[in-house]
Amino acid sequence: MGLIGDVLKALGQLFDARSLGVLVRSLLLTVGLLAALSFGAAWTVGFLPETLDLPLIGAVETPVGALRALTVGAMVLLSAFLMFQ
């Protein structure tokens, strides 16, 4: 009964004004951080040129499409990590 009682106490404290404020602030900060990281990663990938001219090698195509897909995948994984933290 100890574990169930502790869980019920924690759920009872959830609707306390201080606990609810901490919960709302943490959720807003998590969503804001995820949005900022998503925007920053997409913005950074957007600045990559289609081809790079390297000395002694020549023109090298950058996989901008693949990097954008990896950025989206990373943001999905990050959101899952933040959700289950």
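So, to start us off: which helix do the buried residues of H3 pack against? They pack against helix H2, residues 17-46, where packing is a matter of contact, meaning heavy atoms within 4.5 Å.

Before I go on, some housekeeping. What you see is a predicted model, so local features need pLDDT of at least 70 and side-chain atom pairs count only at pLDDT 80 or more, while totals for chains, interfaces and linings use all residues. Residues are numbered from 1 along each chain as its sequence is written, and side-chain values use heavy atoms, with hydrogens and water left out.

Okay, helices. They are DSSP runs of H or I with at least four residues, numbered from the N terminus. H3 covers residues 64-83, and at 1.5 Å a residue its 20 residues should span 28 Å; the end C-alpha atoms are 28 Å apart, which agrees. That expected span is 1.5 Å times one less than the number of residues.

Now, which residues of H3 are buried? Val64, Thr71 and Met75, with buried meaning under 20% relative accessible area, exposed over 50%, and partly exposed in between, using a 1.4 Å probe and protein chains only. They cover an arc of only 35 degrees around the axis, which puts them on the same side of H3. The arc, by the way, is that of the directions from the helix axis to the C-beta atoms. Over on the other side of H3, Gly65, Leu70, Val76 and Leu77 are exposed.

Let's zoom in on threonine 71. Its relative accessible area is 14%, so it counts as buried. Leaving aside neighbours within four places in sequence, threonine 71 touches Ala41, Ala42 and Val45.

H1 is another story. None of its twelve residues is buried, so H1 lies largely in the open. The twelve should span 16 Å at 1.5 Å a residue, and the end C-alpha atoms sit 17 Å apart, which agrees. Leucine 11 belongs to H1, residues 2-13, and counts as partly exposed because its relative accessibility is 48%.

Last bit: salt bridges, meaning a side-chain nitrogen of Lys or Arg within 4 Å of a carboxyl oxygen of Asp or Glu. How many are there by this rule? The count comes to one. The partners are arginine 18 and aspartate 16, at 3.9 Å from N to O. Arginine 18 is exposed, because its relative accessibility is 69%, and aspartate 16, at 34%, counts as partly exposed.

How values were computed: Helix = DSSP H or I, 4+ residues; strand = E, 2+ residues; numbered from the N terminus.
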